[in-house]
Amino acid sequence: MLGILRRVGYGWIALQGLLAALLPKQLVRLSTRLSLCGFENPEELEPKPWYLDAVRAAGVGLLAAGLTGLLLERGEIGTDEPAVDIDAPPEPEEA
């Protein structure tokens with residue numbers, strides 16, 4: 001179950017990174033509207049070019065992190081818990 005949730009989380013991170021890398025201005029506009037919903041005219045705010053570049057760079061980083069996580073999770077299917085034999089007798093110590 002935890003593996004599925006991790007894969008969904010990595011997918012979500014990769015999707016956010018893809019959107020930020022391809023559409024930084026629209027993403028900034030949406031986040032501004034959502035975070036400043038109590039203020040008048042938040043849609044009139046215009047981000048500076050350097051900020052859009054920073055959002056795009058962060059998006060590329062998020063995309064890389066999400067895809068790396070998904071690739072690492074692909075190799076660990078079904079290994080959420082280590083296999084331990086609880087009823088095994090203890091091994092004798094060598095002298």
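The questions below concern this predicted model.

Trainee: How are helices α2 and α3 oriented to each other?
Mentor: The axes of helix α2 (residues 24–35) and helix α3 (residues 49–74) come within 9 Å and cross at roughly 100 degrees. Angles of 65 to 115 degrees count as roughly perpendicular. The two helices, α2 and α3, are therefore roughly perpendicular.

Trainee: Which residues in α3 are met by Pro24, Lys25 and Val28 in α2?
Mentor: The residues of this contact divide into five nonpolar, no polar and two charged. On the α3 side, the residues that Pro24, Lys25 and Val28 meet are Tyr51, Leu52, Val55 and Arg56.

Trainee: Is glutamate 73 buried or exposed?
Mentor: Its side chain meets that of arginine 6 in a salt bridge (2.9 Å, N to O). Arginine 6 lies in helix α1 and glutamate 73 in helix α3, so the pair ties together parts that are 67 residues apart in sequence. Arginine 6 is partly exposed, with a relative accessible area of 33%. Buried means under 20%, and glutamate 73, with a relative accessible area of 5%, is buried.

Trainee: How far apart in sequence are the parts that glutamate 46 and lysine 25 tie together?
Mentor: Glutamate 46 forms a salt bridge with lysine 25, with the closest N and O atoms 3.0 Å apart. Glutamate 46 lies in the loop between α2 and α3, whereas lysine 25 belongs to helix α2, so the parts tied together are separated in sequence by 21 residues.

Notes: Residues are numbered from 1 along each chain as its sequence is written. This is a predicted model: local features need pLDDT of at least 70, side-chain atom pairs count only at pLDDT 80 or more; totals for chains, interfaces and linings use all residues. Side-chain values use heavy atoms; hydrogens and water are left out. Axes are lines fitted to C-alpha atoms, for helices over the stretch in contact, and angles run from 0 to 180 degrees between N-to-C directions. Helices (H or I, at least four residues) and strands (E, at least two) are DSSP runs, numbered from the N terminus. Angles under 35 degrees count as roughly parallel, over 145 as roughly antiparallel, 65 to 115 as roughly perpendicular and the rest as oblique. Contact means heavy atoms within 4.5 Å. Ala, Val, Leu, Ile, Met, Phe, Trp, Tyr, Cys and Pro count as nonpolar, Asp, Glu, Lys and Arg as charged, and the others, Gly among them, as polar. A salt bridge is a side-chain nitrogen of Lys or Arg within 4 Å of a carboxyl oxygen of Asp or Glu. Buried means under 20% relative accessible area, exposed over 50%, partly exposed in between (1.4 Å probe, protein chains only).
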